[in-house]
Amino acid sequence: MTNLRPAKITKVIPDSIAAEIGFEVGDAIVAINGTRPRDLIDYQFLCADEFLELEVLDTAGKTHHVEIEKDYDDDLGLEFETALFDALIQCNNKCPFCFIDQQPPGKRSSLYLKDDDYRLSFLYGSYLTLTNLPEREWQRIEQMRLSPLFVSVHATEADVRIRLLKNQRAGQIMEQLRWFQKRRLQIHAQVVVCPGINDGQHLEQTLKDLASFYTGDLPAVASVAVVPVGLTRFRPQEDELIPVTREKAQEVILQVRSLAQQFRQKFGTNVVWLADEWYLIAGEELPKESEYEDYPQIDNGVGSIQLFLKQFASAAAELLPAKVYPQRKLTWVVGNAVEKAFQPILQCLNSVDGLEVNMCALASDYWGQTISVTGLLTGHDLLLNLKEKDLGDGILLPNVMLKHGELVFLDDVSVEELARKLNTKIFPIAGVQELINTCSAEKFKN
């Protein structure tokens with residue numbers, strides 16, 4: 001297999017099997033029971049055995065053969081540099097709304113890699129189009145039952161999807177969905193609505209087609225998220241895209257909620273869900289938390305605001321003190337899209353004696369947006385808006401602004417660099433518990 005690299009270890013979990021054996025960071029697994037793993041899926045599959053013989057390369061380049069006897073499901077306790085030990089399956093579509101193509105030039109090369117890899121879809125829920133899969137990968141999905149996958153559908157009519165993806169193979173989507181259905185494998189679908197291209201009657205057709213796969217005890221299409229196209233000032237001028245207006249958002253909400261009601265009567269579930277952004281753009285109230293069922297499309301921003309509010313209320317009741325000492329003042333940075341929705345959280349935090357939290361709700365100058373979700377704010381935006389402000393004892397920074405696993409913004413500015421330029425502390429926050437704990441920490445350092 002080309003480009004197959006040993007799986008380099010970046011973490012050995014304490015008290016794990018691997019730690020007992022003496023694995024170290026920097027070691028690499030070459031083969032398991034004679035098979036070289038292509039990716040994390042192979043690794044997990046091969047390790048689900050009671051007897052393992054590992055071929056391991058240590059940091060000095062020396063090969064070792066390690067025999068392990070363990071219970072069938074015991075994890076070795078290793079984490080790796082990457083989930084893919086061979087080459088990334090890249091995307092050859094030319095979707096005009098692709099975020100990769102809407103970035104400025106001159107950043108690090110990894111920012112311009114377009115993945116269309118089913119393995120990352122299976123492992124992490126990233127979306128793929130199914131247009132770049134060789135036959136052997138379809139066979140592997142079937143053999144290893146890699147389900148569910150997350151698929152960018154956008155349109156089910158062949159000509160509309162080909163127009164959007166700029167790829168003739170994009171027209172095979174209905175046939176591909178039947179492939180999943182026949183094999184009792186599932187997908188979660190997303191539809192990015194581009195006004196004038198796949199909205200209106202095309203959107204209705206797409207949603208009805210996708211809902212037709214919600215049959216049997218294991219529906220081939222488990223859920224559908226409808227998302228508004230996001231545009232940046234760096235996008236190609238000839239892309240034929242137009243932004244979603246307030247009126248268009250209101251129209252789509254009416255259309256999709258009407259269809260969801262029909263599906264609910266027929267299937268007992270909505271099947272199709274609107275991303276929170278539609279309501280923020282439309283200036284309408286978000287649906288009640290109970291309407292999101294079990295949040296099947298939470299990673300697509302479907303219900304994420306209501307879930308955050310619910311989690312905060314629950315955690316605050318348990319963790320938020322009546323008073324903090326020493327007194328502290330913090331600046332909480334969010335996208336201006338959630339400014340109104342997060343007021344209850346702000347009021348709750350400011351009811352704590354000794355705690356002052358000021359919300360700074362920003363639009364992204366970097367991307368050229370007037371309404372921005374928190375995850376798209378960049379180091380540039382924070383520096384531009386906060387450099388003359390009294391930030392108190394530091395910034396509460398939602399880590400959705402940062403690249404996965406790194407203290408770096410989407411524009412390549414590091415948290416460390418921003419803290420230095422603003423001359424303040426920055427507290428990256430992952431979820432409601434960290435938000436509350438950071439605000440109320442006893443040993444708060446001024």
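Student: Where in the chain does Asp74 lie?
Tutor: Asp74 is in the loop between β4 (63–69) and β5. Strands here are DSSP E runs of at least two residues and helices are H or I runs of at least four, numbered from the N terminus. The model is a predicted one, in which local features need pLDDT of at least 70 and side-chain atom pairs count only at pLDDT 80 or more, while totals for chains, interfaces and linings use all residues. Residues are numbered from 1 along each chain as its sequence is written, and side-chain values use heavy atoms, with hydrogens and water left out.

Student: Why is Asp74 called partly exposed?
Tutor: Buried means under 20% relative accessible area and exposed means over 50%, with partly exposed in between (1.4 Å probe, protein chains only). Asp74 has 33% relative accessibility, so it counts as partly exposed.

Student: What does Asp74 touch?
Tutor: Not counting residues up to four places away in sequence, Asp74 touches Ile17 and Cys47; contact means heavy atoms within 4.5 Å. Asp74 and Asp49, 25 residues apart in sequence, have their C-alpha atoms 8.7 Å apart.

Student: What makes Gln176 a buried residue?
Tutor: The relative accessible area of Gln176 is 7%, so it is classed as buried. Gln176 lies in helix α6 (residues 173–182). Leaving aside neighbours within four places in sequence, Gln176 is in contact with Thr129, Leu130 and Trp138.

Student: Which residues of helix α4 are buried?
Tutor: In α4 (residues 135–143) they are Glu137, Trp138, Arg140 and Ile141.

Student: How do you know that they are on the same side of α4?
Tutor: They cover an arc of only 160° around the axis, so they are on the same side of α4; the arc is that of the directions from the helix axis to the C-beta atoms. An α-helix has 3.6 residues a turn, so residues three or four places apart point the same way. On the other side of α4, Glu135 and Gln143 are exposed. The buried residues of α4 pack against α2 (40–47), α3 (118–124), β6 (149–152) and α6.

Student: What follows α4, and where is Pro148?
Tutor: α4 is followed by Arg145, with a positive phi near 50°. Pro148 is in the loop between α4 and β6, and a cis peptide bond with omega of about 0° joins Ser147 to Pro148. Tyr325 and Pro326 are also joined by a cis peptide bond, with omega of about 0°; Pro326 lies in strand β10.

Student: How do you know that β6 and β7 pair?
Tutor: Two strands pair if DSSP finds at least two bridges between them. There are 4 bridges joining β6 to β7 (residues 187–193), and these strands run parallel. The bridge partner of Phe150 in β7 is His188.

Student: How many bridges join β1 to β2, and how many join β1 to β5?
Tutor: β1 (residues 7–12) has 2 bridges to β2 (residues 28–32), running antiparallel, with Lys8 opposite Ala28. β1 has 3 bridges to β5 (residues 78–80), also antiparallel, and Lys11 stands opposite Glu79.

Student: What makes a set of residues a nonpolar core, and how many residues has the largest one?
Tutor: The set consists of buried Ala, Val, Leu, Ile, Met, Phe, Trp, Tyr and Cys residues joined through side-chain atoms within 4.5 Å. The largest core has 93 residues, and Val226, Trp278, Trp332, Phe342 and Leu435 have the most contacts inside it. Helix α8 (residues 246–267) gives the largest share, 7 residues. A second, separate core of 24 residues includes Ala7, Ala18, Phe80 and Leu84.

Student: Why is the chain's radius of gyration said to agree with a compact globule?
Tutor: The radius is taken over C-alpha atoms, and the globule rule is 2.2 Å times the number of residues to the power 0.38. For 446 residues the rule gives a value near 22 Å, and the chain has 24 Å, which agrees.
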